[in-house]
Amino acid sequence: MHDDEFSSAVAHDSAAAIWAPLRPFIAVEARLAQAAAQKRWTAFLYEFLRFGVKQAWACLFGGIAVALMLATWRFYPAHAPLARYDFLFLCMLGVQAALLAARLETFEEAKVILIYHLVGTAMELFKTATGSWIYPEPSLIRIGGVPLFSGFMYSCIGSYLCRVWRLFDFRFTGHPSRRWLIGLSAAIYLNFFADHYGLDLRLVLFGWAALLFAPATVHFKVWRVHRSMPLLLGLVLVSLFIWLSENIGTFTRVWLYPQQAHGWAMVSPAKLGSWFLLLIISYTLVSLINRPRAMEPGRAAAPPGAEPRLR
């Protein structure tokens, strides 16, 4: 295969082609992959590293947000003319604009981020008014007790799901109907409000989610073939990482729960359930943009050493 044919073939098969600045590196990476495929152990190591790099790229927006929380907690001047929350808002707005301008984020991803920002901010207004958590620092760019940068924390979840869906070329077997997902997501969102009035249907929602997602398998492409795992397990693992990020957010005093007002303590593991339910809302929004595709016959996973090689 000639170099131009090789570059064209690998570019067509690469998820990196979605983001224009990555396209020049596709052929180089493909040649590295060819070399790694020569032995089983190098193929395994390469696929493992590739998985980590793809996950890091999917977390780009969220990773920047966490880095900004840590940096401002450690280094932002206490008496700066611009409040820390306002600085965070302007930074995240700038990051959003820069990613779009550099084509490191697509407009479809930006749509999910904007929608989830609005959904998250509406819930924040209610939750802070009822004392579920607080933002302890002053700010100007806010609505009620909610600094507007907080919506970006929810946007990070939508951004991650949208990017990881494409990076790993998600295919599904047994995927639930999107109509049912919309119904479940609406019920979850309403329950976040209703539970303050004594009507908490969380256990019913967990059962509903289990019925919808338990039969589903997600097939994801790390390298040249699709691996698979139960979709429900994937959602639980993502919820765990969101919960860990929430601990970073409260540790840096970006927001606080009532039990953390007099000293930091880890966020209760019970919050994992809340994040799992909230993640379903985000997953539903992303599924409306990225139509779930069925797994095609012949795309079954194979051991790394048995990967087919480009000719």
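Reader: Hi! Where does Ser287 lie?
Author: Ser287 sits in helix 11. Helices here are DSSP runs of H or I with at least four residues, strands are runs of E with at least two, and both are numbered from the N terminus. This is a predicted model, where local features need pLDDT of at least 70, side-chain atom pairs count only at pLDDT 80 or more, and totals for chains, interfaces and linings use all residues. Residues are numbered from 1 along each chain as its sequence is written, and side-chain values use heavy atoms, with hydrogens and water left out.

Reader: Thanks! Is Ser287 buried or exposed?
Author: Ser287 counts as buried because its relative accessible area is 0%. Buried means under 20% relative accessible area, exposed means over 50%, and partly exposed is in between, with a 1.4 Å probe and protein chains only.

Reader: And which residues is Ser287 in contact with?
Author: Leaving aside neighbours within four places in sequence, Ser287 is in contact with Trp165, Arg178, Leu181 and Pro292. Contact means heavy atoms within 4.5 Å.

Reader: Switching to pockets: how much space lies in the largest pocket?
Author: The largest pocket holds about 1,200 Å³ of space. On a 1 Å grid over the protein atoms alone, a pocket is an open set of points with protein on both sides within 12 Å along at least five of seven lines, and lining residues have an atom within 4 Å of a point. Grid points are joined across faces, edges and corners, and the volume is the space filled by probe spheres set on the points.

Reader: Which residues lie nearest its centre?
Author: Ile157, Tyr160, Val238, Phe241 and Ile242 lie nearest the centre of the largest pocket, out of 49 lining residues. Elements giving two or more residues to that lining include helix 7 (150–167), helix 10 and helix 11 (271–289). The largest share, ten residues, comes from helix 10.

Reader: What is the lining like by class?
Author: The lining has 34 nonpolar, nine polar and six charged residues. Ala, Val, Leu, Ile, Met, Phe, Trp, Tyr, Cys and Pro count as nonpolar, Asp, Glu, Lys and Arg as charged, and the others, Gly among them, as polar.

Reader: How many disulfides does the structure hold?
Author: The structure holds zero disulfides, a disulfide being a pair of cysteine sulfur atoms within 2.5 Å. For Cys156, the nearest cysteine sulfur is that of Cys59, 9.5 Å away.

Reader: Last one: which loop is Arg253 found in?
Author: Arg253 is in the loop between helix 10 and helix 11, and its phi is positive, near 60°, although Arg253 is a residue other than glycine.

Conventions: 1 Å grid on protein atoms, 1.4 Å probe; cavity = no way out; pocket = protein on both sides within 12 Å on 5 of 7 lines; lining within 4 Å.
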